Amino acid sequence: MLRFIIFFSLFIHLCVAAPKTPAAAAAVPAKKWLTLNGQEPAVVARGGFSGLFPESSAPANDMAVSTSSPGLTMLCNLQMTKDGVGLCLSDIRLDNATTISSLFPKAQKTYKVNGQDLKGWFVLDYDADTIFSNVSLVQNIFSRPSIFDGQMPVSAVEDVLGTKPPKFWLSVQYDSFYMEHKLSAAEYLRSLRFRGINVISSPEIGFLKSIGMDAGRAKTKLIFEFKEPDAIEPTTNKKYSELQQNLAAIKAFASGVLVPKDYIWPLDTAKYLKPATTFVADAHKAGLEVYASGFANDMRTSFNYSYDPSTEYLQFVDNGEFSVDGVITDFPPTASQAITCFSHQKGNLPKAGHALVITHNGASGDYPGCTDLAYQKAIDDGADVIDCSVQMSKDGIAFCHDAADLTASTTAMTTFMSRATSVPEIQPTNGIFSFDLTWAEIQSVKPQIENPFTSTGFLRNPANKNAGKFTTLADFLELSKEKAVTGVLINIENAAYLASKKGLGIVDAVKSALTNSTLDKQSTQKVLIQSDDSSVLSSFEAVPPYTRVLSIDKEIGDAPKPSVEEIKKHADAVNLMRTSLVTVSQSFATGKTNVVEEMHKANISVYVSVLRNEYISIAFDYFSDPTVELATFIAGSGVDGVITEFPATATRYLRSPCSDLNKDQPYAILPAEAGALLSVADKEAQPPASAPNPPLDAKDVIDPPLPPVANMASSNGTGEGPPHTPPPSSGTGATAANLSLSLLAMMALGLLYTA
């Protein structure tokens, strides 16, 4: 079974990422690093690729080497069995990382460890043969893939050393505890003669001093690990915060220190970065290397990083003031790409390839969507095309906003709750719609950042949740010209409803704004007109410079020729959902469609949407990393543009030399191979196959002609525009009650978010 797993893990490595040879690396200009020795920061894989596989399992170790940059360091946390065999496990207890509790349900024990009573199944209560013969590994972080649980044996230290990793780091966390029970980590290391061990770390001064001479002879580097500041170091009985005051003393027995990352960049209570400490500078002054721990793509950290794990690494290695000498991570490919590909990426570097970075409501991952701040951030982040989803106010002002319903993206609920209505032609739920409010009324409320994953606790930039101003279509177009962006995308929805039911001509409003901005008379800037209505697109056919984009807002698995031919009559491009290109089941990429190829055969460009940075929205195959997802769609599927709420992430990827797969370089960010990761698991552990997405039907492309814009003033006998919706009669009490309950629920959620 293990050989089967290793075979498939190797298969994934070849498909997902492949470091180039050292010879190729020599051709790349050297970067200047602010590390102690001026060398590139080390990537240290904690338990291999433990972000995907159980820690220190054979596939985890193997995949870490294959997907990371050359020179990776493999870290093994040493635990010791009753008969003195060294194992690679994260903790002295087996229960959180193995199947031990189901095998020996009554074997729990309590030991005092570093002054605290711990309860569980301890490694030192079992001999090695019992563990190797009976116990299997499980993923010890429950948000990570569980389909590999129970399939992989525990690794001995010698097993990992036998794979000959580029470098090997042994972490000895509990020497004092083992010594109390007549087990010696020092003697175990001497039995190995320190062979193949490049680094040994420990939070215990006495242990490091006891092996100092042996390590020196073996040229093994010793690293002192700092625990939390108030924790007690066992040898000196001093707090680690006290030991931090005399780093020069540490230099006497160690060449470096390992610290939790908040020793360097602390966070405030709101999870924003505080100013950096002087720890790195102080340690470097004392001649000590500094390694930072606690990096993982699937852990929520500072809002400053916009849920982009590469940004966090860059904060530690490329901030212009200092650099740590290495990072300890559960996701070594992400650390590798940040250091090798994204560091020192200054200035407006040219993009590799032709794919466009198109925004979704501006940089709406950082600011309320479609506000002046969201658009300015998108421009600063290097977006090629900024977008405006056009909405109409009651008095005919065209402005940019994600949807006609203002409840989720503004504070309208607090002011205009009584104006909520039901419009089934637009959405199944009640809402407060822009076409029922005047522009002055809309401006009286505040924009509000949308949080797509609020139910799971993921918030976006709460410090700026109501920042920015609403933007009219005219102001948006003027901004695009002033900042000379590559292009604009104008999205038009609900045109038929607005014309026939509200007397609002959204198509005419867009045409007029474009004419007034003179964007219809130039070819310097791209103008993309997008709609889910083919009749809307057809109304722009007479303006050749415009690129018409058909938005297909449902999952499709195929694009038959008749459907493609029908699209070609109305559009030059399509906007497709991510799952129409790569199918996903239970957070695993299961397959790839040929929709892009079918569209390209007809010379139809393909844009994919919506890309977000939050790891909860990213398949395991992409390593919980938005950059790998970008590579999969751009380099793997060959899309012509990505529509994203975090344009900085997409722009940085496309400006990196690692995105150009035709270049000979030390590291490349390659697309994931759909289905490859899933195939590593036992067949019975894999999720059931889901039904394929339906093919696109030609009749789904065709929409009826747009109705004329109704004259609402004459129809209601006034000159005041469309009438207000009358209050419900006594016969609609149930509907009114349901509406009130719905609004109260939404208000409660809004208050909860505000709190």
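The legends below describe the whole chain and then several close-up views of a predicted model.

**Figure 1. The whole protein chain.** The protein chain holds 28 helices and 25 strands. Its C-alpha trace spans about 95 × 55 × 55 Å along the principal axes. Of the 755 residues, 55% are buried. Among contacts with a separation of 6 or more, 72% join residues 24 or more positions apart. The chain exposes about 31200 Å², and carbon and sulfur atoms supply 54% of that area.

Figure 2. An unreviewed UniProt entry gives the annotation "domain: GP-PDE" to residues 41-339 and 355-654. Residues 41-339 are 29% helix and 20% strand, and the C-alpha atoms at the ends of this stretch are 7 Å apart. Residues 355-654 are 29% helix and 20% strand, with end C-alpha atoms 8 Å apart.

**Figure 3. Helix α26 and its cover.** Helix α26 runs over residues 647-654, and seven of its eight residues are buried. The buried residues are Pro-647, Thr-649, Ala-650, Thr-651, Arg-652, Tyr-653 and Leu-654. Which elements cover them? The cover includes the helices α14 (309-317), α15 (332-342), α16 (372-380) and α25 (626-636). Strands β14 (356-359) and β25 (641-644) are also part of the cover.

Figure 4. Helix α20 covers residues 495-502. Its buried residues are Ala-495, Tyr-497, Leu-498, Ala-499 and Lys-502. In an α-helix there are 3.6 residues a turn, so residues three or four places apart point the same way. Just after α20 comes Gly-503, with a positive phi of about 65°.

Figure 5. Most peptide bonds are trans. The bond from Ser-609 to Val-610 is cis, and its omega is near -15°. Val-610 belongs to strand β24, which covers residues 605-611.

**Figure 6. Two loop residues with positive phi.** Most residues other than glycine have a negative phi. Arg-193 has a positive phi, near 60°. Arg-193 sits in the loop between α8 (185-192) and β7 (199-202). Is Arg-193 buried or exposed? Arg-193 counts as exposed because its relative accessibility is 61%, and the cut-off for exposed is over 50%. Asn-237 also has a positive phi, near 60°. The loop that holds Asn-237 lies between β9 (232-233) and β10 (238-239). With a relative accessibility of 60%, Asn-237 counts as exposed.

**Figure 7. Lys-239 and its contacts.** Lys-239 is in strand β10. Lys-239 is partly exposed, and its relative accessible area is 34%. Which residues does Lys-239 touch, leaving out those up to four places away in sequence? They are Pro-229, Asp-230, Ala-231 and Ile-232. Lys-227 is 12 residues from Lys-239 along the chain, and the C-alpha atoms of the two are separated by 9.0 Å.

How values were computed. Residues are numbered from 1 along each chain as its sequence is written. This is a predicted model: local features need pLDDT of at least 70, side-chain atom pairs count only at pLDDT 80 or more; totals for chains, interfaces and linings use all residues. Side-chain values use heavy atoms; hydrogens and water are left out. Helices (H or I, at least four residues) and strands (E, at least two) are DSSP runs, numbered from the N terminus. Buried means under 20% relative accessible area, exposed over 50%, partly exposed in between (1.4 Å probe, protein chains only). UniProt positions are given in the numbering used here, feature names are shortened, and annotations may be inferred rather than shown by experiment. Contact means heavy atoms within 4.5 Å. Accessible areas come from the Shrake-Rupley method with a 1.4 Å probe; for residues, only the protein chains shown count as cover.
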